[in-house]
Amino acid sequence: MTVLALHAVRRVAIIGCGLIGGSFALAIRKARPEITVTAYGRSQTTLQEALRMGAITDVSSSLPDAVRDADVVLISVPVGATHETLSSMRAHLKPTALVMDAGSTKADMVATAQTVLGENMASGASPEATSHFPLSHFVPAHPIAGKEKAGIAHAEGDLYANRLVILTPSSATAAPAISLATALWEAVGARVIQMDADTHDHVFGAVSHLPHLLAFAYMNGVDPSTIAMGGTGFQDFTRIAGSDPVVWRDILSTNRTEILAQVQGFEQALAQLKSALTEGDTVQLQTLITQASAQRKAWRVPAPLSDSNAIDD
Ligand code: NAP
C-alpha cells in the first residue's frame with residue numbers, strides 16, 4: 001500500500017493553520033481546486049479566519065476527524081508541538097496518507113517521526129495488517145519561505161512561489177512519498193531539493209538560527225532610548241528580531257547543539273573586533289571589516305529566490 005499520486009489526491013488536512021499552514025492551504029486550493037482542504041487547530045478564531053479567507057473548505061472539530069480521510073497531512077505547528085501532534089494523530093491516519101511537517105529544524109523532526117512511528121516498523125507488522133501509519137510515509141520538509149509575522153492573517157497564496165523547499169527524508173522514507181511531497185510543493189510554485197537532516201541543521205543554524213539569536217540579543221542589549229532614531233541599517237539588522245517567540249523558542253531549542261557550536265565561532269569573531277577596538281588597532285579593524293565586507297559583497301541571493309523580498313525560514 002503506497003501513497004497516492006498528486007492527480008489522485010482529494011483531501012488535504014492542515015494541522016496548525018498559521019502563516020505556513022495557511023499559506024500552503026491557500027496555494028494548493030488555487031493550484032488544485034478539486035482538492036478539499038480541512039484544518040484543525042487550537043483556536044476557532046484561526047480556523048474561522050482560514051475559512052473566511054478561502055484557505056480551507058471546511059473546519060475539523062478534532063484531530064482524528066481532520067486526518068481520518070486525508071490523503072495528505074501537513075503539520076505546521078511550532079516544532080516543539082510536533083511530537084504531541086504526530087502521536088495524537090497516528091492511530092487515525094490512513095495507511096496510504098502522506099504526512100509532512102514544515103518545521104524549521106529537521107534532525108529533531110526525523111527523530112520525532114522515528115520515535116512516534118518507528119515502532120510500527122520494529123514490530124515487523126505491515127501497515128495494512130495493523131492499520132498503523134508507516135514511518136515510510138512521513139516526509140520532513142522545510143519551506144525556505146516566510147516572514148517575521150506569524151498567524152493566518154499574514155498567510156499568502158504565493159508565499160512559496162519561486163522559493164526553495166528542502167526535504168530531509170531518512171533511509172526509512174519511501175520513494176513514492178518523496179515523489180508526492182515533491183509534486184505538492186512544486187504545485188504551489190516551489191523548487192524542491194533534498195538534503196540530509198544534519199546538514200540541513202548545520203546550514204540553517206548558520207544562515208538563519210544564529211542570525212535570529214544575534215538579533216534577539218542585540219534588541220535586548222541596545223539602549224531602548226536610542227532606537228527611535230534607527231534608520232535603514234537598524235531596520236535591516238533587526239527585522240527578524242520581531243519574529244514569533246514560541247516558534248523561535250522551539251527552533252533554537254531543537255537545534256541547540258549546532259547553534260551553541262556556532263555561537264563559539266561568532267564569539268571568536270566578535271573578540272577579534274573587540275580586541276582591535278580596545279587596542280586602538282585601526283589597521284586590524286579595517287582588515288576585519290574588509291574581510292566581512294568582501295564576503296557579504298560576494299554573496300548572491302540563491303537563484304530560485306532572486307526576485308523575492310523576504311526570505312525567512
Ligand atoms: P504560526 O503562524 O504561529 O502558526 C502556528 C500554528 O500552530 C497556529 O495555527 C497555532 O494555532 C498552532 N499552534 C501553536 N502552538 C501549538 C501547540 N502547542 N499545539 C498545537 N498547535 C499549535 O507559525 P508559523 O510561522 O506558521 O510556523 C509553523 C511552523 O513552520 C513552525 O514549525 C516553523 O518552524 C515553521 N516555519 C516557519 C517559517 C516562518 O518564517 N515563520 C518558515 C519556515 C518554516 P492557533 O492559531 O490556534 O494558535
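Modeller: A salt bridge is a side-chain nitrogen of Lys or Arg within 4 Å of a carboxyl oxygen of Asp or Glu. This is a predicted model, in which local features need pLDDT of at least 70, side-chain atom pairs count only at pLDDT 80 or more, and totals for chains, interfaces and linings use all residues. Residues are numbered from 1 along each chain as its sequence is written, and side-chain values use heavy atoms, with hydrogens and water left out.

Colleague: How many salt bridges does a search of the whole structure find?

Modeller: Side chains of opposite charge can pair when their charged atoms come close. Searching the whole structure gives a total of 10 salt bridges.

Colleague: Which side chain meets D58 in a salt bridge?

Modeller: The N to O distance in this salt bridge is 2.9 Å. The pair links distant parts of the chain, 47 residues apart, with D58 in strand β3 (residues 58-59) and its partner in strand β1 (residues 11-15); strands are DSSP runs (E, at least two residues), numbered from the N terminus. The partner of D58 is R11.

Colleague: Which residue places a polar side-chain atom 2.7 Å from an oxygen atom of the ligand?

Modeller: A polar contact is a pair of N or O atoms within 3.5 Å. V77 uses a backbone N or O atom, 2.8 Å from a ligand oxygen, and G18 likewise uses a backbone N or O atom, at 3.3 Å. The side-chain atom at 2.7 Å belongs to R42.

Terms used: Polar contact = N/O pair within 3.5 Å; in protein donor to acceptor, adjacent residues only side chain to side chain. Helix = DSSP H or I, 4+ residues; strand = E, 2+ residues; numbered from the N terminus.
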